[in-house]
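Open the model in your viewer and keep the selection panel at hand. The tour below goes from one selection to the next.

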Number of protein chains: 6
Amino acid sequence: MTRHDERVATQLRKITITENYLMHPEGSVLIQVGHTKVICTASIEERVPGFLRGQGKGWITAEYAMLPRATAQRTVRDAAKGKINGRTMEIQRLIGRALRAVVDLEALGERTIWIDCDVIQADGGTRTASITGAFVAMVQAVAKLHADKPFNHFPITDFLAATSVGIVNQEAVLDLDYVEDVDADVDMNVVMTGDGRFVEVQGTGEEATFSRAELNDLLALAEGGIQQLIEQQNIILGEQAQLIGKKEEEA
Amino acid sequence: MTRHDERVATQLRKITITENYLMHPEGSVLIQVGHTKVICTASIEERVPGFLRGQGKGWITAEYAMLPRATAQRTVRDAAKGKINGRTMEIQRLIGRALRAVVDLEALGERTIWIDCDVIQADGGTRTASITGAFVAMVQAVAKLHADKPFNHFPITDFLAATSVGIVNQEAVLDLDYVEDVDADVDMNVVMTGDGRFVEVQGTGEEATFSRAELNDLLALAEGGIQQLIEQQNIILGEQAQLIGKKEEEA
Amino acid sequence: MTRHDERVATQLRKITITENYLMHPEGSVLIQVGHTKVICTASIEERVPGFLRGQGKGWITAEYAMLPRATAQRTVRDAAKGKINGRTMEIQRLIGRALRAVVDLEALGERTIWIDCDVIQADGGTRTASITGAFVAMVQAVAKLHADKPFNHFPITDFLAATSVGIVNQEAVLDLDYVEDVDADVDMNVVMTGDGRFVEVQGTGEEATFSRAELNDLLALAEGGIQQLIEQQNIILGEQAQLIGKKEEEA
Amino acid sequence: MTRHDERVATQLRKITITENYLMHPEGSVLIQVGHTKVICTASIEERVPGFLRGQGKGWITAEYAMLPRATAQRTVRDAAKGKINGRTMEIQRLIGRALRAVVDLEALGERTIWIDCDVIQADGGTRTASITGAFVAMVQAVAKLHADKPFNHFPITDFLAATSVGIVNQEAVLDLDYVEDVDADVDMNVVMTGDGRFVEVQGTGEEATFSRAELNDLLALAEGGIQQLIEQQNIILGEQAQLIGKKEEEA
Amino acid sequence: MTRHDERVATQLRKITITENYLMHPEGSVLIQVGHTKVICTASIEERVPGFLRGQGKGWITAEYAMLPRATAQRTVRDAAKGKINGRTMEIQRLIGRALRAVVDLEALGERTIWIDCDVIQADGGTRTASITGAFVAMVQAVAKLHADKPFNHFPITDFLAATSVGIVNQEAVLDLDYVEDVDADVDMNVVMTGDGRFVEVQGTGEEATFSRAELNDLLALAEGGIQQLIEQQNIILGEQAQLIGKKEEEA
Amino acid sequence: MTRHDERVATQLRKITITENYLMHPEGSVLIQVGHTKVICTASIEERVPGFLRGQGKGWITAEYAMLPRATAQRTVRDAAKGKINGRTMEIQRLIGRALRAVVDLEALGERTIWIDCDVIQADGGTRTASITGAFVAMVQAVAKLHADKPFNHFPITDFLAATSVGIVNQEAVLDLDYVEDVDADVDMNVVMTGDGRFVEVQGTGEEATFSRAELNDLLALAEGGIQQLIEQQNIILGEQAQLIGKKEEEA
């Protein structure tokens, strides 16, 4: 079976990651996954939230938003409504949690990395594109810090990327765009590390259910896709990629 | 290896479901899972949210909250802060989505089932206990409606229950209490139906990761636990359990 | 004239106070007054609000809420609306003020007692049941503190309980349930101490008025009811009741 | 014993009511009770809140606020904090409820009377001054309506005024100013009608209690003060006072 | 062409400034510009907002509000809506910015002057009346401070007043009232100092535009009006006016 | 005197307008003014706000926001604070008002044009860049509508662009970047139409003042700059530019 955009089931959309996309942030990229475009920035603040103060550990906080016309119908801004909607909350909690899994917070020290993912154009998979792009922005920001004042252990311990998989018309497919997402019976977001371990697996039947066999198929698809995403991150990061997981000798 | 409360890895905590716990709601239970206690109610409203009006379909909305002293430290009320926190949002979206997977919304007609899960005492697993208890309250409320004015097809299509599993001290265990939850490297919530299919699988490494093999072990544990929970729901529901999935002849 | 539930005008509904209802709080009870059920907890925090800091005095703050289905029609949660409604505000201010009348705040020291009253089921009289129950929870919490590190003067100086009275069909009656409350022309809440003094008298004609003679009748009824409530508090508290108003010798 | 401002215990402060204080509202007064100054306006809206629609009845809603520098220390505006504080809520609920006791809502028809009480300068007794002034503004607004399109029964059935009484230095005194209010052990607000019946009695021991005898003394004082206030309302209202309680012949 | 209220194009409405209008604030006036009435108060707080702390500089913050019935139709309170509307924000930012232009914030020292402008009655020009009145209240408050503990340099460096001008029926007119404001094609608010320099020029075509020549005419009109306003401020301030711009010898 | 970036006083920064920047909106551009980058979109909704319903007129509403890292220091999102800050409010009101000056709202019919300006990167002049860019997006959106169902009179009546001017180190300069803006004593935003008339003139002395002569210099500079901006809009719009101000023959 062919997909509506001619891809095969195991095929990602075209990925482009533009580095240093903005002049102000310590790290910033524009990630494009097909028509989905997200600006991801990483900012470093030299303090931690109250609950961590004095423990010698750092923190990572993520925020996510969509421009009103990132979508086909104009979406009302959260600021105009005076509160953050549930979907946004869920996504920003996911992004922060995912990135923390590959950061050694003790090595980072008492700093907060603020991740901002702003969706400029949405065509499915915005949360997984956000994770994949934010990882690159975060590495750049931490590498910049490292260049000034080297860490003994570089705080980022492994690569991290994410994709979505789902069951559309009874078939498991990789990297759903918006049209497929609307049609999907099962939708799963998977976050994995460079060494092939899971960080998050969130599978949801939307008014539907799925079997163990289907779950296995979906995980296999995701694994293949995430390996390709990490290869792209590796290329974009160039020399900075060498720092990931590196434990230097102490002075 | 024994767990801190003497359970074996595959053992649920003691479950008690008290039916008709409150006088006003159409359906209500007190579910106790070990020391965790949740009041679950189901209320039926004869209209649907704006986005569904005129489509002949029903809806299920869930709200979740904890009493301030459900927890060891007093938690500030969301109402006092003027906004619902992210964790609460995530949980109430999960409960609603899970229940919708076993309800035929067309058969329900233009009605909303409001599910309220209020945690009276928390000792881990409050979101999964909420789903398991809310399912029973929902069946009761819909059965009451059915008794007055029978549906052609009873709108609830299958049983539904949930549990948590996790990796604690390198071991996969079923139904984590609070002490285990704090220690867990991986935490997974699983929602399944009576016919053994998944509705939600949410596995999260909290500053940790997990392998495919570990994921498989966790899913197997969850499957066993949920079967036991559904047996208990079956017993509690008694005759009402017969209605689930039933398609009557049209008049 | 008989009341709709067969009580005579001077008769309270059945009162049950279940001690140590929850595992986490320092003090907790479930109070049932007829069908009205309220969980009252007392939590002790070792600091005071900003306006009292450094004055060597303590404080008591109360919060009150109802579960959405404590009522016949589902009530929208304050948290969902993002603000606390006027009735809730009024009640929680009343509970706090009433309890402070029997606490020696200097003897308490720089501590806050947080009182939480959560109505599980409402059938009239929820605010007075909250005060009566919260008093017991507060004594338990303070007695626990006293057991660890005795106060010279036990900070609770007298018993405290509350009831409602009203004029229903031209007759003054004690302890109105919901049906009577809806019908009442005059509704009065009275809070009294163990030595028979008033702490609060709040009489309201709802689209009606009342004479001095009617006011006197209502106060007499309330006095009789509150004495009975205090007897029950005394029994429940057992040995802890001996601490109330006790001034020990200084070391 | 003399009071700090030379008044005797049974003496009101000087009362001035300026009619038609503002050009826009249907009714408006500036009421001065000693140094306390409140602008009270009554606005008539030709519709009722949702819960009353279609029942042929009217409604009265009151709002109360203080200018930031009505007080000795600048008070933060509720609008700046984004929520109405508890004291404000309590007062505006009291004002609305009190006025409703002397309005025949059926006779008023499907209209809302909006009462706004804005305290320009505060020196104790702002809520009772608000009620006394708002009553006059309301009569003016309803009389203006009546002049255009006469009611069969004038909807305002009786006079209404309010004052505060309290126990200061063991003595019951009438109409407390701010200095006395701060010192008072017991503070009571009383609202009465022209025929000497109570609408509201709210007595509060602030970290203190009071006996039945003290309560009686306070009520007697309040009664005397309110009679004087109603005489003043009568004079100010002039011919409009004749309309109060009047039942005209039907056409 | 005559204006609807018989004024000529270059004529201000009648201005009255009542000093020491309220008992509590350090400075307070009631300013009346025709039917527009605004209570302006100045409060001095011995600390500065966070962003200025430790810099030895002061700050001026302004808040603006209208009573609900300052207007012909009742306006909903910002507090009731839980947020400050855009127009209010814009005006309070303007008032604060304007006043800061004639205050030497270093000479003021680490203090905040809170300006509160509350419109009691609105008939056009409320924001410019607020600035003109607030200037007087501010001088009084700072002069009171100076009387206790003299400044080396009096922190207020020049007079400041404001008026509106506009194009109504093709004619440039000074000091528009509400009727003219509604009809105006162009509306301009101008703030000037005692030495004839501009602080703010805000000209707006509301669904209309204006030429350079028209702009020049409007500025000339405003200049004339503001000179008259400053003369009135001078008279009202009496001896305090001598302090403005004064640099005393150091002790 | 040369400016820090080598421009002469009368020189704009480099302007680039990228058309059809996003796939979903009816009109969208990326406008770059030096390093300032704003995404401007125009969305057409087939209904008007409540206050205009049934009048046969359209409306234009603008919203403005900055990404958190559009700025050198991360800015907290309005959504996270739960309210829109004053500066944002002021800017979005300005954008809407400015655009309405060149739209014939009757010709537009009962439609709302939603303008969204999201600043991706800020280096001074974001509000004027927003207006200049939003005009182009709006023309595109209305032209698209016109292509489907031609208007008798094209609702956009003239070109519209904006720039800032200011006094920096005693010199009047055009199109300030962030470094100049921080240093400026006077800051003025000017909005003009294609026929050289003013729509908005907002000049502000920030803790400073300006003379009539300085004002004249600033306006002359702005006029020159805006003409250049309108030439660029003309080129970008190509054939669509012909529609502006066009009155077609009626059918």
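Copies of a chain are superposed here by least squares on the C-alpha atoms of residues with pLDDT of at least 70 in both, where pLDDT is the predictor's confidence in each residue, from 0 to 100. This is a predicted model, in which local features need pLDDT of at least 70 and side-chain atom pairs count only at pLDDT 80 or more, while totals for chains, interfaces and linings use all residues. Residues are numbered from 1 along each chain as its sequence is written, chains are lettered from A and ligands numbered from 1 in the order in which they are written, and side-chain values use heavy atoms, with hydrogens and water left out.

Start with chain A, coloured by confidence. Its average pLDDT is 95, and 98% of its residues score at least 70. For the complex, the predictor gives an ipTM of 0.94 and a pTM of 0.93.

Next, select chains A and B. Chain B is superposed on chain A by a rotation of 180°, with 0.0 Å of shift along the axis and an RMSD of 0.0 Å. Centre the view on B:Gln202: of the residues of chain B, its C-alpha comes closest to the rotation axis, at 2.2 Å. The same surface serves both copies, since 100% of the contact residues of chain B recur in chain A.

Now show the interface of these two chains. Here 36 residues of chain B are in contact (heavy atoms within 4.5 Å) with 36 residues of chain A. About 3100 Å² is buried between them, and carbon and sulfur atoms give 47% of that area; buried area is the accessible area (1.4 Å probe) that two parts lose on being put together, summed over both.

Select B:Glu90 and A:Arg93 and show their side chains. They meet in a salt bridge at 2.6 Å, N to O, the term meaning a side-chain nitrogen of Lys or Arg within 4 Å of a carboxyl oxygen of Asp or Glu. Across this interface the rule finds 7 salt bridges.

Which elements of chain B each supply at least two residues of the side that touches chain A? They are helix H2 (86-100), strand S9 (198-205) and helix H6 (212-237), where helices (H or I, at least four residues) and strands (E, at least two) are DSSP runs, numbered from the N terminus. S9(B) gives the most to that side, with 8 residues.

Finally, select chains C and D. Chain D can be laid on chain C by a turn of 180° and a shift of 0.0 Å along the axis, with an RMSD of 0.0 Å. That is the relation of a two-fold axis. In chain D, the C-alpha nearest the axis belongs to D:Gln202, 2.2 Å from it.
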